[in-house]
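Please examine the sequence and the three-dimensional structure shown below.

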Amino acid sequence: MKGLGEAVVTLIPKVKTPVRIQEFRPISLCNVIYKPITKVLANRLKIILDEVINPNQSAFVHSRLTHAKTTRNRTGLAQAI
């Protein structure tokens with residue numbers, strides 16, 4: 001797949017009539033194939049994430065809430081004392 005990792009860099013003017021290089025803003029236009037590939041991978045990973053990630057971790061798992069983790073930690077701490 002030639003060109004998969006390539007990007008086009010172009011300059012967008014910051015002012016109406018730019019003269020110096022500081023008056024431009026660089027922007028890179030990445031190959032559009034990245035977006036659908038990452039979307040498919042994210043949707044497939046979403047199905048198994050809950051099983052793969054430890055129950056004590058709540059980041060990046062949609063079905064887990066952060067406050068549920070702290071409640072579980074407080075309960076465990078109270079039982080330990």
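Where is the place of P13? P13 lies in strand β1, strands being DSSP runs of E with at least two residues, and helices runs of H or I with at least four residues, both numbered from the N terminus.

The model is predicted, so local features need pLDDT of at least 70 and side-chain atom pairs count only at pLDDT 80 or more, whereas totals for chains, interfaces and linings use all residues. Residues are numbered from 1 along each chain as its sequence is written, and side-chain values use heavy atoms, with hydrogens and water left out.

The protein contains two helices and two strands, and from the N terminus on its elements follow the order β-β-α-α. Of its 81 residues, 6% are buried; buried means under 20% relative accessible area, exposed over 50%, and partly exposed in between, with a 1.4 Å probe and protein chains only. Among contacts (heavy atoms within 4.5 Å) between residues at least 6 apart in sequence, 13% join residues at least 24 apart.

Strand β1 also holds I12. I12 has a relative accessible area of 36% and is therefore partly exposed. Together with V8, I27 and L29, I12 makes a nonpolar surface patch of about 330 Å². Such a patch consists of residues with over 30% relative accessible area and no salt bridge; nonpolar side chains (Val, Leu, Ile, Met, Phe, Trp, Tyr) are joined within 5 Å, and like charges within 9 Å. β1 (7-13) and β2 (24-30) each supply at least two residues of the patch.

P13 is partly exposed because its relative accessible area is 44%. Leaving aside residues up to four places away in sequence, P13 touches P18, E23 and F24. The C-alpha atoms of P13 and E23 are 6.1 Å apart, although ten residues separate them along the chain.

E23 is placed in the loop between β1 and β2. With the same exclusion of residues up to four places away, E23 touches I12, P13, K14, V15, T17 and P18. E23 is buried yet has no salt bridge, and R20, the nearest side chain of opposite charge, is 4.1 Å away. Here Lys and Arg count as positive and Asp and Glu as negative, while His and the chain ends are not counted; a salt bridge is a side-chain nitrogen of Lys or Arg within 4 Å of a carboxyl oxygen of Asp or Glu. A polar atom of the E23 side chain lies 2.5 Å from the backbone nitrogen of V19.

How values were computed. Accessible areas come from the Shrake-Rupley method with a 1.4 Å probe; for residues, only the protein chains shown count as cover. A polar contact is a pair of N or O atoms within 3.5 Å; within protein, one must be able to donate a hydrogen and the other to accept it, and residues adjacent in sequence count only if both atoms are side-chain atoms.
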